[in-house]
Amino acid sequence: GVIDAMANKLIASNWELKPVLDALLKSAHFYDDEVIGAQLKSPAELFCSLIREFNLTVPAYNPAEPVDTGKVDAMGYTVWQDNNPTHTYINIAMTNALGQDLLNPPNVKGWAGGHAWVNTGSYPTRKSLAFGSVMYPNIFNGSGRNAKGVVIGFDPMAWAKLIPNAETISSSELASALSEAVLAFDLGPLESETVRSILANGLPEVDYYLDGTNASHAAQVLATFPEFQLL
């Protein structure tokens, strides 16, 4: 089987991992239906997939040291200017809300992963973070920016137009293409119709036209589907 082949490759390569990983990642088995969508996203993978799959924009990381503002808070501590408020916000969300403190695993084994990432407490939080804090930047004063300098940009029309001919294909075709681009596997008929109806603002195919507000709502729904939690 695949495991025996990889074991033989490891022995033949004098225990070098690179050739084994190269062979595995290029293998058709890596894309088996049994493999795709079989893992739950870690908090880091969840945020990275939100940014990548929905074409979000965040500021580039600024490596400069924090700046002393010359002010003190109510406790008498120096107030420092955060050079990367968006990155800080995302990191705090991953750490405090979802339980993954990057570069600080709980032990040498790392995080438990899998079903440990999703439970009755964390799943609603994941949905609310995706729907509100990331996919709906209007909570940041309508421009993707909040009072603390967090900037997360989302252009729903630009996202939808990543699909070729997005403005001319039918709402069902666009719904299917966006779902396929964002999710690990196909949606069922009820979920597919939900996305299509949102894109078309409830209109039938013949009266459909692509609209930024509807595209934004469709993105939010896709981000909160259970299927989006899977790799």
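Asn14 is exposed, with a relative accessible area of 61%. In this predicted model, Asn14 sits in the loop between helix H1 (2-12) and H2. The backbone at Asn14 has a positive phi of about 60 degrees, although Asn14 is not a glycine. Most residues other than glycine have a negative phi. Leu103 also has a positive phi, of about 65 degrees, and is not a glycine. Leu103 belongs to the loop between H4 and helix H5 (122-134). Its relative accessibility is 86%, so Leu103 counts as exposed.

The overall layout comes next. The protein chain has 9 helices and 2 strands. From the N terminus on, the order of elements is α-α-α-β-β-α-α-α-α-α-α. The C-alpha trace spans about 65 × 60 × 35 Å along its principal axes. Of the 231 residues in the chain, 36% are buried. Contacts between residues at least 6 apart in sequence were also examined. Among these contacts, 59% join residues at least 24 apart.

One loop links helix H3 (43-53) to strand S1 (67-72), and Pro63 is found there. Pro63 has a relative accessible area of 65% and is therefore exposed. The C-alpha atoms of Pro63 and Asn84 are 8.5 Å apart in space, while the two residues are 21 apart in sequence.

Helix H4 covers residues 85-97. Its 13 residues should span 18 Å at 1.5 Å a residue. The end C-alpha atoms of H4 are 17 Å apart, which agrees with that expectation. Buried residues in H4 are Pro85, Thr86, Ile90, Ala93 and Met94.

Helix H9 (residues 212-224) also has 13 residues. From its first C-alpha to its last, H9 reaches 19 Å, close to the 18 Å expected at 1.5 Å a residue. Of the 13 residues of H9, 11 are buried, so this helix is largely enclosed by the rest of the structure. Among the buried residues of H9 are Gly212, Asn214, Ala215 and Ser216. Ala218, Ala219, Gln220 and Val221 are buried too.

How are helices H8 and H9 arranged where they pack? The axes of helix H8 (residues 189-199) and helix H9 lie 8 Å apart, at an angle of about 155 degrees. Angles over 145 degrees count as roughly antiparallel. H8 and H9 are therefore roughly antiparallel to each other. On the H8 side, the contact is made by Thr194, Val195, Ile198 and Leu199. On the H9 side, it is made by Asn214, Ala215, His217, Ala218, Val221 and Leu222. By class, this contact has 7 nonpolar residues, 3 polar residues and no charged residues.

Ser179 touches residues from this pair of helices. Its own place is in helix H7 (residues 171-182). Leaving out residues up to four places away in sequence, Ser179 touches Leu187, Val195 and Leu222. Val195 belongs to H8 and Leu222 to H9, and both take part in the contact of those helices. Is Ser179 buried or exposed? Its relative accessibility is 6%, so Ser179 counts as buried.

The structure holds 4 salt bridges. Side chains of opposite charge can pair when their charged atoms come close. One of the salt bridges joins the side chains of Lys26 and Asp22, at 3.3 Å from N to O. Lys26 and Asp22 are 4 residues apart in helix H2 (residues 17-26), which means they are separated by about one helical turn. Residues three or four places apart in an α-helix point the same way, because such a helix has 3.6 residues a turn. Lys26 counts as exposed, at 65% relative accessibility. Asp22 is partly exposed, with a relative accessible area of 39%.

Another salt bridge links Glu53 with Arg52, with the closest N and O atoms 3.0 Å apart. Arg52 is exposed, with a relative accessible area of 59%. The side chains of Lys161 and Glu167 also meet in a salt bridge, at 3.7 Å from N to O. Lys161 counts as partly exposed at 45% relative accessibility. Glu167 is likewise partly exposed, at 48%.

How values were computed
Residues numbered from 1 in each chain as written. Predicted model: local features only at pLDDT ≥ 70, side-chain atom pairs only at ≥ 80, totals over all residues. Heavy atoms only, no water. Buried < 20%, exposed > 50% of the residue type's maximum accessible area, 1.4 Å probe, protein only. Contact = heavy atoms within 4.5 Å. Expected span 1.5 Å × (residues − 1). Axes fitted to C-alpha atoms, helices over the stretch in contact; angles between N-to-C directions. Parallel < 35°, antiparallel > 145°, perpendicular 65-115°, else oblique. Nonpolar A, V, L, I, M, F, W, Y, C, P; charged D, E, K, R; others polar.
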